[in-house]
Amino acid sequence: MPEGDTIYRAAAALRTALVGKTVSRFEATRLTGPAPRPGAAVERVDSHGKHLEIVFDDGIVLHTHMRMTGSWHVYRPGQKWRKRRHLARVIIETDEWVAVAFSAPIVETYREFDRTRHPRAGGLGPDLCQPEADLHECAARLFHYDNPDATIAEALLDQRVMSGVGNVFRCEVLWACGIHPWAKVSMVPQSTCLDLVLTSAHQLRANLHSPVRVTAPDVPGGLAVYGRNGQKCVRCGDVIRLTKMGEMARLLYWCPGCQVGCEPYPEKDNSDPIARAMDPHPAGSQFVSDVLRSRSAS
Ligand SMILES: [Zn+2]
């Protein structure tokens with residue numbers, strides 16, 4: 001799954017292959033927006049979190065977002081592609097290179113002077129992959145998050161807070177900071193918001209130049225919780241759990257033993273203990289009922 005660090009590396013590869021080169025072929029079967037003129041040259045390749053933009057010298061900007069499925073590849077002309085032709089959403093060819101975006105759900109273009117009006121351009125938070133990103137600004141955006149009922153795990157993925165954190169880093173960052181994924185963002189203190197942002201930036205930047213993600217060097221495989229459900233937490237020995245969470249039912253890996261910071265407790269009343277503890281979200285209810293079960297078992 002592409003996260004900020006993956007897109008950053010893709011942008012670096014595309015920059016090397018395309019910038020300053022004349023485009024001999026541009027194909028985008030499901031493109032929304034105008035195509036660059038024939039013979040346009042590539043001026044810039046920018047990544048901003050999980051968004052990637054290729055700017056042509058005629059003012060056309062190609063914006064791709066990979067969501068869960070997409071990837072950019074760079075090939076020499078004639079080289080065999082590693083994915084099937086029908087999955088190609090964009091093909092940009094120069095004399096020396098062919099850049100292909102496979103399975104990208106968002107492929108659109110707009111004119112450069114429209115960029116500030118573009119719905120996705122204005123609201124993005126600072127890009128954690130960039131050394132000059134204002135991390136205190138990100139922490140402030142998290143602390144003053146506009147939906148106080150959101151969980152911290154949801155808010156961390158919101159690219160308006162900061163750009164670049166995807167699902168892997170969100171799980172790893174929450175574990176590193178010892179924060180309960182269902183903590184309400186409104187209950188998270190400012191110092192913890194800053195800690196989460198600094199940890200996110202640190203983990204993303206440490207992985208910019210390596211193809212294998214490592215956030216916990218002492219753990220075999222390099223990740224503390226992600227992909228380790230059913231295994232022991234290296235910090236507390238509890239069993240790492242996997243829960244589906246959020247609109248897209250993304251997989252959340254976490255340790256119930258040591259991620260207890262800002263833990264939400266069910267409110268006390270006299271109604272049925274399971275019913276009153278039900279979170280409106282099914283994953284939340286699942287978790288709360290697990291808590292009740294483990295408490296009554298102990
Ligand atoms: Zn643990």
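Guide: Helices (H or I, at least four residues) and strands (E, at least two) are DSSP runs, numbered from the N terminus. This is a predicted model, where local features need pLDDT of at least 70 and side-chain atom pairs count only at pLDDT 80 or more, while totals for chains, interfaces and linings use all residues. Residues are numbered from 1 along each chain as its sequence is written.

Visitor: How many helices and strands does the protein have?

Guide: There are 8 helices and 10 strands.

Visitor: How much of the protein is buried?

Guide: A residue is buried if 20 or more other C-beta atoms lie within 10 Å of its own, exposed if 12 or fewer, and partly exposed in between, with C-beta atoms placed from the backbone. Here, 38% of the 298 residues are buried.

Visitor: Now a strand residue. Why does Glu-53 count as buried?

Guide: Glu-53 sits in strand β3 (residues 51-56). Glu-53 counts as buried because it has 20 C-beta neighbours inside 10 Å. Leaving aside residues up to four places away in sequence, Glu-53 touches Asp-46, Val-61, Leu-62 and His-63.

Technical notes
Two residues are in contact if their C-beta atoms, placed from the backbone, lie within 7 Å.
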